[in-house]
Amino acid sequence: MGETGEIAVEAEVEHASGLGWLPDGTLVVSALFAPKIYLVDADGQVAATYDLSDFAWSTNDLFVAPDGRCYVDLYRAGETVMDGAIGLVDRTGGVRIVATGLAGPNGLAFLPDGSTLVVSETFGSRILAFPTEADGSLGAPGVFAIMGKDRHPDGLCVDVDGGVWVGCYDTGEFLRVVDGGVITHRVAIDRGWAVAPALGGADGRTLYLVADETTHEDLVQGKSTCWILRARVEVPGAGSP
């Protein structure tokens with residue numbers, strides 16, 4: 001989507017969810033409702049598919065680190081269908097579990113320090129911050145923000161001041177929160193789910209907001225209507241995700 005609102009189809013991938021780019025420009029796309037990651041070439045064709053079914057029944061969001069390794073949500077069988085882990089995927093498709101026991105991990109990104117991974121824990125109603133090691137391993141998480149029991153954080157992005165914009169999907173609002181949980185900005189939508197924000201544009205100060213009008217049941221069946229809104233903000237994006 002361009003800044004004037006035009007839309008072009010660059011690639012078609014089944015159940016596309018998270019995305020990012022490898023250092024060589026290859027597009028990486030994770031699936032929802034399937035444990036798969038796709039590599040998409042410059043022509044929009046799927047060049048490789050990584051099957052993560054040994055680790056999860058579904059992936060969701062992902063974040064591509066500057067070195068090309070990918071952190072990805074893994075939803076696994078357990079007491080609830082949203083028992084979650086985070087996997088680290090290398091350039092060959094090798095997977096290593098780096099965090100477990102999460103209540104629905106969702107949006108992921110690095111803070112501007114480049115060594116802290118923030119993760120939405122949707123059904124924990126909070127954002128976690130994981131220190132990272134040189135090999136990509138994650139240390140014990142701290143709590144970046146407690147969102148409140150009625151808010152369920154979904155996709156997120158980070159600005160250069162370390163603020164996190166996050167969609168709280170079922171309360172219909174996009175919030176900017178800082179370390180400690182203080183909410184500095186709020187953008188409400190009048191209907192639908194507040195799914196995912198992204199900072200971009202020529203100066204990094206255009207906030208793109210993805211909203212989705214659906215239900216949990218319809219989403220599983222692929223029935224939803226989405227739209228993208230824009231807002232201007234003061235603090236530019238940090239390029240993550």
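This is a predicted model: local features need pLDDT of at least 70, side-chain atom pairs count only at pLDDT 80 or more; totals for chains, interfaces and linings use all residues.

Trainee: What makes β2 largely enclosed by the rest of the structure?

Mentor: Buried means under 20% relative accessible area. Five of the five residues of β2 (residues 27-31) are buried, so the strand is largely enclosed by the rest of the structure.

Trainee: How do you know that β1 and β2 pair?

Mentor: Pairing takes at least two bridges. Strand β1 (residues 16-21) has four bridges with β2, in the antiparallel sense, so they count as paired. Gly20, for example, has Val28 in β2 as its bridge partner. In the hairpin of these strands, with five residues between them, Gly25 takes a positive phi near 95 degrees.

Trainee: And what joins β2 to β3?

Mentor: Four bridges, with β3 (residues 36-40) running antiparallel to β2. Val29 has Tyr38 in β3 as its bridge partner. The hairpin of β2 and β3 has four residues between the strands, and there Phe33 takes a positive phi near 70 degrees.

Trainee: Where is the largest cavity, in terms of the residues that line it?

Mentor: Its lining includes Val28, Ile37, Leu39 and Cys70. Leu22, Tyr50, Gly68, Val89, Asp90 and Arg91 line it too. About 50 Å³ of space lies in this cavity. A search of the whole structure for cavities of 30 Å³ or more finds one. Rolling a probe the size of a water molecule over the atoms shows where empty space is left.

Trainee: Cys70 is in that lining. Why is Cys70 called buried?

Mentor: Its relative accessibility is 5%, and the cut-off for buried is under 20%, so Cys70 counts as buried.

Trainee: What about Cys226, and why is that one partly exposed?

Mentor: Its relative accessible area is 48%. Buried would need under 20% and exposed over 50%, so Cys226 lands in between and is called partly exposed.

Trainee: How many disulfides are there?

Mentor: Zero by the rule, which asks for two cysteine sulfur atoms within 2.5 Å. For Cys70, the nearest cysteine sulfur is that of Cys157, 19 Å away, and Cys70 is in no disulfide. The sulfur of Cys226 is 17 Å from the closest cysteine sulfur, in Cys157, so that is too far for a bond.

Trainee: Now the sheet of β17, β18 and β19. What makes β17 and β19 its edge strands?

Mentor: The order is β17-β18-β19 in an open sheet with antiparallel pairing. β17 (193-200) and β19 (225-232) each pair on one side only, and that makes them the edges. Neighbouring strands here are turned by 20 degrees against each other on average, direction ignored.

Trainee: Last one: which residues is Thr100 in contact with, leaving aside neighbours within four places in sequence?

Mentor: Arg76, Gly84 and Ala85, where contact means heavy atoms within 4.5 Å. Thr100 is found in β8 (residues 95-103). The C-alpha atoms of Thr100 and Gly84 are separated by 6.3 Å, with the residues 16 apart along the chain. The 6.3 Å is between C-alpha atoms, whereas the contact cut-off applies to heavy atoms.

Note on methods
Residues are numbered from 1 along each chain as its sequence is written. Side-chain values use heavy atoms; hydrogens and water are left out. Buried means under 20% relative accessible area, exposed over 50%, partly exposed in between (1.4 Å probe, protein chains only). Helices (H or I, at least four residues) and strands (E, at least two) are DSSP runs, numbered from the N terminus. Axes are lines fitted to C-alpha atoms, for helices over the stretch in contact, and angles run from 0 to 180 degrees between N-to-C directions. On a 1 Å grid over the protein atoms alone, a cavity is a set of points where a 1.4 Å probe fits but cannot get out, and a pocket is an open set with protein on both sides within 12 Å along at least five of seven lines; lining residues have an atom within 4 Å of a point. Grid points are joined across faces, edges and corners, and a volume is the space filled by probe spheres set on the points.
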